[in-house]
Amino acid sequence: MDVWTYALMLVGIFIALMATGVPIGFSLSISAIATVIITGEFTVTAIIHRMIGNSSSYTLLAIPFFVLAAKFMNTGGITRRIFRAASAWVGSIPGGLGHANIVASVVFSGMSGSAVADAGGLGQVEVEAMRKDGFDDDFSAAVTCASATIGPIIPPSIPMVVYGMMTETSVGSLFIGGIVPGLLLALACSILVYFMSKKRGYPVRKFSWKEIYISTRQALLSLLTPVIIIGGIWSGIFSPTEAAAVAVTYAFILACLVYREMSFKEAWQAIKETVRDSAGILVIICGAAAFSWLVAMFGITDALSQLLTSFTANKYLMLLILNAAFLVVGMFMEALAVMTITIPFLIPLMSSFGIDPIHLGVVLVLNLMIGLSTPPVGTSLFVCAKVANISIERMYKAIMPFLIPMIIVLFLITYVPGCVTWLPHMLFG
């Protein structure tokens, strides 16, 4: 068999399994095992070893820690305090709580590293507050969905942990590289909220200096969390994985011992949910590891890379092709699965076109996070529609204006690499 026959068989089995409703993690692993059995090229034992080997990475320990930190913060009143402080800071600007929604996501994302955690946890607080303040549910859900996209861009970031592990790129540099793009994304969404709010006549709430002071004081310990995480990584006090453990410990202390809004029973429930969610993520990573290893061993990676490099030698055209491809794929597939399948293809392309791995990593993560907010099957769309209690059709319509600033920022950081690379190069050399 030639390389393209192998590719057709592997991908064909994968698509067939997905079409019948098999979860993506199992579809990836079963398609790899089935292809090995049919072709007889490798042993099933080799596939299993690859899956187990990929799951034992020290870097991956950061994922369950960040997931657990987000659950502690949602349960323990930390997210509510953050949103209350953000509301006081920017509530007097036209679009008031819409801007607070975005600012709170910037702060909260500095602790959770997950777009879905942001949309599902902080989103409940945000939508309810905006509803009480006179904003319609569709707009509230759309702002929440768009602001949740910031989560995995502002450090920490679960997808960047996976990317760093697979490309052997510094996770700390990836985290720092996401700061400027994350702030640009927040600014772009805030500009849209401002003009939409002015046009629709949404209410503006005035906050006194006393209210600003009180809400900031009440949230101060919560607001220190991203400072501890980012400052610790930057100063070299701890690694990104250790930063995740610090985030969990700090969130637990605040929620259980300082604020006393989370009982030990609720903490145990959060731990059990984290085990379940992390197991789901690990199944996807293991399945994708088997799939991508087989792709590389069959020579599909090299063949496709050669095909793309023969098509164009222009670095910027290649970046355009990659962005378009990931935007489409991100609409239909889980972000972590897309990353683990496609990163083996990207490594030779980065070398051929001289693309900085930190730059491409942040671009890739933002691209796939936009997919979470893009119809028809973006995960954040369904979460926010449920939180706001609106139909998914209304959610599709409401999110459309927000895709424009997100895509503008995506192409800005794609073609101005300094937006990503300047800060990590300045801090880490």
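Predicted model: local features only at pLDDT ≥ 70, side-chain atom pairs only at ≥ 80, totals over all residues.
With a relative accessible area of 12%, Thr-421 is buried. This threonine belongs to helix H21, which covers residues 418–428. Apart from its neighbours within four places in sequence, Thr-421 is in contact with Asp-356 and His-359. The protein chain has an average pLDDT of 86, and 96% of the residues score at least 70. Among the elements of the chain, the lowest mean pLDDT, 71, belongs to helix H7 (residues 115–132), while H20 has the highest, at 94.

Asn-367 is part of helix H18, made up of residues 357–372, and its relative accessibility of 0% makes it count as buried. Which residues does Asn-367 touch, not counting those up to four places away in sequence? They are Leu-322, Asn-323, Phe-326, Leu-327 and Leu-410. With Leu-327 there is also a polar approach: a polar atom of the Asn-367 side chain lies 3.1 Å from the backbone nitrogen of Leu-327.

Helix H2 shows how a whole element can be read in this way. H2 runs over residues 24–39, 16 residues in total, and spans 22 Å from its first C-alpha to its last, close to the 22 Å expected at 1.5 Å a residue. Its buried residues are Ile-24, Gly-25, Ser-27, Leu-28, Ser-29, Ser-31, Ala-32, Thr-35, Val-36 and Thr-39. In an α-helix there are 3.6 residues a turn, so residues three or four places apart point the same way. In H2, Leu-28, Ala-32 and Val-36 are among the buried residues. What covers the buried residues of H2? The cover includes helix H1 (3–19), helix H3 (44–55), H14 and helix H17 (335–353). After H2 comes Gly-40, which has a positive phi, near 70°.

Aromatic rings provide another set of landmarks. The search of the whole structure gives 13 aromatic pairs. One of them joins Phe-252 and Phe-264, with 6.1 Å from centre to centre and 50° between the planes, a tilted arrangement. Because Phe-252 lies in helix H13 (residues 240–258) and Phe-264 in helix H14 (residues 264–297), this pair ties together parts that are 12 residues apart in sequence. Phe-252 counts as partly exposed at 24% relative accessibility, whereas Phe-264, at 59%, counts as exposed. Tyr-316 and Tyr-415 also form a tilted pair, because their ring centres are 6.0 Å apart and their planes stand at 40°. Here the parts tied together are 99 residues apart in sequence, since Tyr-316 lies in helix H16 (residues 315–330) and Tyr-415 in helix H20 (residues 392–415). Tyr-316 is partly exposed, with a relative accessible area of 45%, and Tyr-415 also counts as partly exposed, at 29%.

Rings gather in a group as well: Tyr-6, Phe-42, Trp-293 and Phe-298 make up one aromatic cluster. The charged end of Arg-81 sits over the ring of Tyr-259, at 3.7 Å from the ring centre.

Helix H20 also holds Pro-401. At 27% relative accessibility, this proline counts as partly exposed. Leaving aside its neighbours within four places in sequence, Pro-401 is in contact with Leu-192 and Met-196. Between Pro-401 and Arg-205 there are 24 Å in space, C-alpha to C-alpha, and 196 residues in sequence.

Two loop residues complete the tour. Most residues other than glycine have a negative phi. Arg-260 is not a glycine, yet its phi is positive, about 55°. This arginine is found in the loop between H13 and H14. Is Arg-260 buried or exposed? Its relative accessibility is 68%, so Arg-260 counts as exposed. Asn-389, likewise not a glycine, has a positive phi of about 60°. The loop between helix H19 (379–388) and H20 is the place of Asn-389, and this asparagine counts as exposed at 68% relative accessibility.

Technical notes
Residues numbered from 1 in each chain as written. Heavy atoms only, no water. Phe/Tyr/Trp six-rings, centres within 6.5 Å; stacked < 30°, edge-to-face > 60°. Helix = DSSP H or I, 4+ residues; strand = E, 2+ residues; numbered from the N terminus. Buried < 20%, exposed > 50% of the residue type's maximum accessible area, 1.4 Å probe, protein only. Lys NZ or Arg CZ within 6 Å of the ring centre and 35° of its normal. Polar contact = N/O pair within 3.5 Å; in protein donor to acceptor, adjacent residues only side chain to side chain. Contact = heavy atoms within 4.5 Å. Expected span 1.5 Å × (residues − 1). pLDDT = per-residue confidence, 0-100.
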